[in-house]
Amino acid sequence: MPDETLRARLDAATKQLEAPLAVIDLAAFDRNADDLVRRAAGRPIRVASKSLRCRFLLERALRRDGFAGVMAYSLPEALWLAGEWAGTDLGDVDLLVAYPTVDHTALRRLAADDHARRLVTIMVDSVAHLDLVDAALGDGHPEIRVCLELDVSWRPLLGRDFAHIGARRSPVFTAAQAESLASVIRGRPGFRLAGLMGYEGQIAGLGDEPAGKPVMGAVLRWVQDRSARELNGRRAAAVRRIGGLEFVNGGGTGSIETTGFDDSVTEFAAGSGLVGPALFDNYRRFAPDPAVLFALPVVRKPRRRTATLFSGGYIASGPTGRDRAPAPYLPAGLSLTGTEGAGEVQTPVNGRAARDLRVGDRVWLRHSKAGELAERFTEYHVLEDDRVTRTVPTYRGEGRCFG
């Protein structure tokens, strides 16, 4: 249950600002960062930029001990960050692009920029990706750093694809397939194999203790335990067979402990754990503080136990369901309605706490996922102690949208 004193603190700190608005609680962000570093137990954490989408927060994390490098979600984003940080203390931060790119223009920009080409690594999982780079850049192009993505889902029926638990990502599943593609990359002019990456979403992205669902939790833990055991052996075998890698990236906020059992992993990827969105409330091993919150104003009181808020339809990506809607947080005890949910221009909330809400009051909510709120707000107000000390732009606020 959230501390109601936090609501008074938030309201007082932002009383001169107009809602809707979003805040970043810097103390909570820093506590979450410290906890991620503790869980990583000495291995560096690469910051997943899609979970922040705000340069101020990326830079704050990268300047803390235990964090090194960025996992970008698009090549244009990585090029932009490399350019923005050139000549600063973050000028040598390496940038791994987590998803394959088919952007010819961005590839040409990468090839033409010696500084970026030294820092940026793009993702591949097939010869088709190499062919596309060659088609974009032509013969004799400069060396492009690439990372091979291993499919780290779980196939419990003897590795057969008709039983697949996890995200549909790379077609490279076995250690032999990884070794074969690595050999092709190393034998192809204009490419340098730098690393191996795998994101075990079936472990990292699914809370293993869903509230009020003990049976589902037990099933999830059983699946995740067996998936982790199989993966750690298969990934380690792939790393041995490939050899000579600069880095092996694994995990996510929800799987640092299980990924850490694999000694072949040299670094973790994490981002959501810095923010503490609502989807990350259901894990046994960790409990991040809600560090990013947003406020919507009460614009109507259609009845005593209902308050209608302006805006709020900030629905998260993924399979459609109630867990993708924003969660009312303060005052405690409010819930979305089953008929309207979070709406484009109005969001009614029900509950006993609504009785004390008046037109003009604020309700504080949490987004379901971490970085997507930054697509709705152009700025975050930075809360330190009991006051807003600065306002920082999100990617959107800097005029950037990377998909």
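How many helices and strands does the secondary structure of the chain come to? In this predicted model, the tally is twelve helices and 17 strands. Along the principal axes, the C-alpha atoms fill a box of roughly 70 × 50 × 35 Å. The radius of gyration is 22 Å, and because a compact globule of 403 residues would have a value near 22 Å, the chain agrees with that expectation.

Of the 403 residues in the chain, 56% are buried. Among contacts with a separation of 6 or more, 71% are made by residues 24 or more positions apart. The accessible surface of the chain comes to about 17,400 Å², and carbon and sulfur atoms contribute 50% of that area.

Attention now turns to the aromatic side chains, where ring pairs can be followed one by one. Counting rings whose centres lie within 6.5 Å as paired, the model holds nine aromatic pairs. One of them joins F280 and Y283: the ring centres are 5.4 Å apart and the planes meet at 20 degrees, so this pair is stacked. The cut-off for stacking is an angle under 30 degrees.

A second pair, F294 with Y314, is tilted, with 5.0 Å from centre to centre and 55 degrees between the planes. This pair links distant parts of the chain, as its members are 20 residues apart. F294 belongs to strand β10 (residues 292-303), while Y314 sits in the loop between β11 (306-310) and β12 (327-330). Here, too, F294 and Y314 are both buried. Elsewhere, Y73, W80, Y395 and F402 come together in one aromatic cluster.

Which residue lies over the face of F173? That position is taken by R234, at 3.7 Å from the ring centre. In a second case, R46 lies over the face of F247, and the distance to the ring centre is 5.3 Å.

Conventions: Residues numbered from 1 in each chain as written. Predicted model: local features only at pLDDT ≥ 70, side-chain atom pairs only at ≥ 80, totals over all residues. Heavy atoms only, no water. Phe/Tyr/Trp six-rings, centres within 6.5 Å; stacked < 30°, edge-to-face > 60°. Helix = DSSP H or I, 4+ residues; strand = E, 2+ residues; numbered from the N terminus. Buried < 20%, exposed > 50% of the residue type's maximum accessible area, 1.4 Å probe, protein only. Lys NZ or Arg CZ within 6 Å of the ring centre and 35° of its normal. Rg over C-alpha atoms; globule rule 2.2 N^0.38 Å. Contact = heavy atoms within 4.5 Å. Areas by Shrake-Rupley, 256 points an atom, 1.4 Å probe, with all protein chains shown as cover.
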